[in-house]
Amino acid sequence: MTKFFAAASTLTLCVATAALAGDAPAKADVLTTYANIAEAKYDDSLIAAKALQSAVNALIADPSDATLNAARAAWIASRVPYQQTEVYRFGNAIVDDWEGKVNAWPLDEGLIDYVDASYGGATDENEFAVLNVIANPNFELSGTAINANEITPELLADTLHEADGIEANVATGYHAIEFLLWGQDLNGHGAGAGNRPATDYAKGDDCTNGNCDRRAQYLSAATDLLVSDLEWMTAQWAEGGDARAALTENESAGISAILTGMGSLSYGEQAGERMRLGLMLNDPEEEHDCFADNTHNSHYYDGLGIQNVYLGSYTRIDGTPISGASLSDLVMAADPALDTEMKAKLSTTMQALGRIKSTAEAGFAYDQMLERGNAGGEALIMGGVNGLVDQTKTIERIVSTLDLDGIEFEGSDSLDNPDAVFH
């Protein structure tokens, strides 16, 4: 992975500018707002995950099209606050170390459950790609016999997730649950998401595709684990939590963490790995929420998370506003024109991501946009990519203006070395 460097400037012109622009907010206040918004976002994610848990329990108790659709709707709703937390990665080690438990992708879904024959089998890269733990209560993993007669959160987290050290062996989190609710999307670039039947959770002779009781165990365990993981992270951002303490122990480092998260998510992660790469490969499997065809929403709310961190403003899922001293205020005091530029670029990016979202909701799905030769789809996706890349350039200028040293933004071969993608 290449790096996008945001080098600090040694110039001190910003000092004179600040004198003309007004007093800057205290860095401590900016960090407090950032932490308060983090706590609110993770708490909203937890609230939404508990609603998902209730819907999953209802599906398991009474499998039907209605309960399956309700669980799917709850999953989509749960993504809205969570995707807005991704801006807290990269700059906050406690988040980045944890994030793989809840949002890792892409995944070899054959590890979890049945897959279509076109999926293939085990590979040299991953011998567990079609383990299908739901159908196999006993198996061997790295030379150790595993008893999976009962599928528990502990089995998923401690044994199956990233089994044998392979990142594609995703056994936990949003995307494992997504797969269990939708199944594979076998439509390629055609219309339609995954189409798992509710009878995959039916009792007795009504069960389709076998092992419905174990499939229900897995879905329940994965959802329970998601709730407990979000409870843990919410506590880290509360007063006295480790994430809040780490952020605020050094004010300059804390401001650097904010900018690192913004720049890395904008550039390498979202513009590069999540958007440009899929377009280069024309691969519908490169969608972030590929089973549910929800990628347009995940991209939009990632972008919104970047914007609301900069502005120091977030609206909770119950409508409660959270706001305070912001990075925008800090930049405005140093260079009002630069703050105006940053706000304008964030707005431009959100308009581009909004066009992807609204177009997908009108029936032109993200995986259809990825099809080779689809000029309209390419234009929509590249509008988002270009906006994200352009706003990263302004984030780099903010780093220089605030005289912050040693910040590196995550990169992506799809942006920095495109030829390497095909080798």
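This note goes through several local features of a predicted model, point by point.

1. The enclosed helix. Helix 6, which covers residues 174–182, has nine of its nine residues buried, so this helix is largely enclosed by the rest of the structure. The buried residues are Tyr174, His175, Ala176, Ile177, Glu178, Phe179, Leu180, Leu181 and Trp182, and a reader may like to find them in the structure above. Their cover includes helix 2 (27–61), helix 3 (65–83), helix 4 (93–103) and helix 7. After helix 6 comes Gly183, which has a positive phi, near 75°.

2. The disulfide. A search of the whole structure finds one disulfide, and this bond is formed by Cys207 and Cys212, with their sulfur atoms 2.1 Å apart. The link between Cys207 and Cys212 is right-handed, with 90° about the S-S bond. The two cysteines can also be described by their accessibility: Cys207 counts as partly exposed because its relative accessibility is 22%, whereas Cys212 has 5% and therefore counts as buried. A further cysteine, Cys290, is buried as well, at 11% relative accessibility.

3. Asn209 and its backbone. Asn209 lies in the loop between helix 6 and helix 7, and its phi is positive, at about 65°, although Asn209 is not a glycine. This deserves a remark because most residues other than glycine have a negative phi. With a relative accessibility of 46%, Asn209 counts as partly exposed.

4. In the loop between helix 9 and helix 10 one finds Asn282, which is not a glycine either and has a positive phi of about 50°. Asn282 has a relative accessibility of 13%, and therefore counts as buried.

5. A cis peptide bond. The peptide bond that leads from Trp105 to Pro106 is cis, and its omega is near -10°. Pro106 itself belongs to the loop between helix 4 and strand 2 (138–141).

6. The pairing of helix 9 and helix 10. The axes of helix 9 (residues 251–281) and helix 10 (residues 295–311) come within 10 Å and cross at roughly 165°. An angle over 145 degrees counts as roughly antiparallel, and helix 9 and helix 10 are therefore roughly antiparallel to each other. The crossing of helix 9 past helix 10 is left-handed. On the side of helix 9, the residues that meet helix 10 are Ile258, Met262, Leu265, Ser266, Gln270, Arg274 and Met275, and their counterparts in helix 10 are His299, Asp302, Gly303, Ile306, Val309 and Tyr310. Sorted by class, this contact of helix 9 with helix 10 has seven nonpolar, four polar and two charged residues.

7. Two buried glutamines. Gln236 is part of helix 7 (residues 212–237), and at 9% relative accessibility this glutamine counts as buried. If its neighbours within four places in sequence are left aside, Gln236 is in contact with Ile94, Gly241, Asp242, Ala243 and Arg244. Gln307, in turn, sits in helix 10 and counts as buried at 18% relative accessibility, where the cut-off for buried is under 20%. With its neighbours within four places in sequence again left aside, Gln307 is in contact with Leu346, Ser347 and Met350.

Technical notes. Residues numbered from 1 in each chain as written. Predicted model: local features only at pLDDT ≥ 70, side-chain atom pairs only at ≥ 80, totals over all residues. Heavy atoms only, no water. Axes fitted to C-alpha atoms, helices over the stretch in contact; angles between N-to-C directions. Helix = DSSP H or I, 4+ residues; strand = E, 2+ residues; numbered from the N terminus. Parallel < 35°, antiparallel > 145°, perpendicular 65-115°, else oblique. Left-handed = near helix turned anticlockwise from the far one by under 90°. Contact = heavy atoms within 4.5 Å. Nonpolar A, V, L, I, M, F, W, Y, C, P; charged D, E, K, R; others polar. Disulfide = S-S within 2.5 Å. Buried < 20%, exposed > 50% of the residue type's maximum accessible area, 1.4 Å probe, protein only.
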